[in-house]
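Good morning, everyone, and thank you for making time for this.

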Amino acid sequence: MLPHAPTAPFPTASRSGNDGMSEPGIFKGLRGAGGPLPAATKDALLAYLGRPGDPSWSRLATHDVLEGTTVADLWLRASPAASRRPPNAAELIRALRAGVRAGLTSVNMAMPQTH
């Protein structure tokens with residue numbers, strides 16, 4: 001029997017209640033710094049998706065959606081050549097999903113193998 005519980009080998013989010021997977025729809029997997037995605041970020045995302053363009057992009061781009069990764073960071077990773085312009089709604093959704101998939105993959109890769 002171990003005298004104490006082992007600590008996780010990584011400081012990032014694990015597959016827990018804070019990982020955003022309980023969020024509905026397009027918010028699934030997104031999370032703020034150390035917790036759920038803030039309502040202001042959800043509102044900014046919905047506003048942008050309803051009417052994509054420069055004014056709403058400037059309000060949305062700096063929102064943290066994956067614990068330190070902003071919406072603009074995800075767009076840059078998803079489409080480096082197109083990142084000088086705001087994404088359309090479909091492009092933004094693809095960038096968000098790709099960011100969530102990449103985040104889950106990095107968490108899964110960091111988990112110790114049990115078998």
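Predicted model: local features only at pLDDT ≥ 70, side-chain atom pairs only at ≥ 80, totals over all residues.

Arg85 has a relative accessibility of 38% and therefore counts as partly exposed, where buried means under 20% relative accessible area, exposed means over 50%, and partly exposed is what lies in between, with a 1.4 Å probe and protein chains only. The side chain of Arg85 meets that of Glu91 in a salt bridge, at 2.8 Å from N to O, and by a salt bridge I mean a side-chain nitrogen of Lys or Arg within 4 Å of a carboxyl oxygen of Asp or Glu.

Residues are numbered from 1 along each chain as its sequence is written, and side-chain values use heavy atoms, with hydrogens and water left out.

How many salt bridges does a search of the whole structure find? There are two, and in the other pair the side chains of Glu67 and Arg31 meet, again with 2.8 Å from N to O. Glu67 sits in the loop between α2 and α3, whereas Arg31 belongs to the segment before α1 (39-50), so this pair ties together parts that are 36 residues apart in sequence. Arg31 is buried, at 10% relative accessible area, but Glu67, at 32%, is partly exposed. Glu67 also has a positive phi of about 45°, although it is not a glycine.

If we leave aside neighbours within four places in sequence, Leu66 is in contact, meaning heavy atoms within 4.5 Å, with several residues, among them Arg31, Leu74 and Val100. The C-alpha atoms of Leu66 and Val100 are 7.6 Å from each other, although the two residues are 34 apart along the chain.

Finally, the whole chain: it has four helices and zero strands, where helices (H or I, at least four residues) and strands (E, at least two) are DSSP runs numbered from the N terminus. Of its 115 residues, 37% are buried, and among contacts with a separation of 6 or more, 47% involve residues 24 or more positions apart.
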